[in-house]
Amino acid sequence: MADLRFALNLLLLLLFLPSISAEKLNVKECEKLGFSGLALCSDCNAFADYVKDEELVSDCRKCCTEDSDDSMSKISYSGALIEVCMRKLVFYPEVVGFIEEEKDQFPSIKVQYAFNSPPKLIMLDGDGQHKETIRIDNWKREHIRQFLKEKVKPTSSAI
């Protein structure tokens with residue numbers, strides 16, 4: 001009898017698991033996961049091409065909104081700021097690695113130190129105005145690099 005009950009519970013769990021993983025998270029939960037800026041689900045699909053972490057991609061999809069037919073799925077920016085607290089850098093070795101070894105590949109990316117700020121990308125338009133903020137606390141440096149390659153337009157000096 002206990003085996004039958006266990007099998008039934010397992011079957012119910014498997015039936016409802018897809019609906020649980022497809023749930024949407026609220027803005028605060030998404031910000032804690034670092035997805036305050038990835039608004040379109042097509043961005044999550046592009047993100048999945050570069051990030052081979054199913055849990056991270058699943059979190060992205062829980063925080064995205066469906067693309068409308070007239071929306072631009074390939075939003076790009078003229079530049080970005082990497083903002084982080086200098087004192088907290090020791091806790092983010094992936095961000096440090098990117099700043100020290102790979103940032104120079106992106107002439108339109110600047111580093112800005114702000115007291116008590118978690119690591120984040122502040123995406124900029126052509127006028128240098130802030131358009132989107134994306135937390136990168138848990139990102140690996142190769143994910144930062146790939147995201148910037150896709151989202152930041154190359155400058156004329158980089159061509």
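The residues lining the largest cavity divide into five nonpolar, two polar and three charged. Keep in mind that this is a predicted model.

Which residues are they? The lining of the largest cavity is made by Asp 43, Ala 46, Phe 47, Tyr 50, Val 51, His 143, Gln 146, Phe 147, Glu 150 and Lys 151. Two elements give two or more residues each to this lining: helix H3, residues 41-50, and helix H6, residues 141-151. Which element gives the most to the lining? That is H6, with five residues.

Now the cavity itself. The largest cavity holds about 80 Å³ of space.

Back to H3. Its buried residues are Cys 41, Ser 42, Asp 43, Cys 44, Ala 46 and Phe 47. What do the buried residues of H3 pack against? They pack against helix H4, residues 54-63, and against H6.

Last, the strands. Strand S3, residues 120-124, pairs with strand S4, residues 130-135, in the antiparallel sense, over five bridges. S3 and S4 form a hairpin, and five residues lie between them. In the turn, Gly 128 has a positive phi of about 80°.

Definitions and conventions. Residues are numbered from 1 along each chain as its sequence is written. This is a predicted model: local features need pLDDT of at least 70, side-chain atom pairs count only at pLDDT 80 or more; totals for chains, interfaces and linings use all residues. Side-chain values use heavy atoms; hydrogens and water are left out. On a 1 Å grid over the protein atoms alone, a cavity is a set of points where a 1.4 Å probe fits but cannot get out, and a pocket is an open set with protein on both sides within 12 Å along at least five of seven lines; lining residues have an atom within 4 Å of a point. Grid points are joined across faces, edges and corners, and a volume is the space filled by probe spheres set on the points. Helices (H or I, at least four residues) and strands (E, at least two) are DSSP runs, numbered from the N terminus. Ala, Val, Leu, Ile, Met, Phe, Trp, Tyr, Cys and Pro count as nonpolar, Asp, Glu, Lys and Arg as charged, and the others, Gly among them, as polar. Buried means under 20% relative accessible area, exposed over 50%, partly exposed in between (1.4 Å probe, protein chains only). Contact means heavy atoms within 4.5 Å. Two strands pair if DSSP finds at least two bridges between them.
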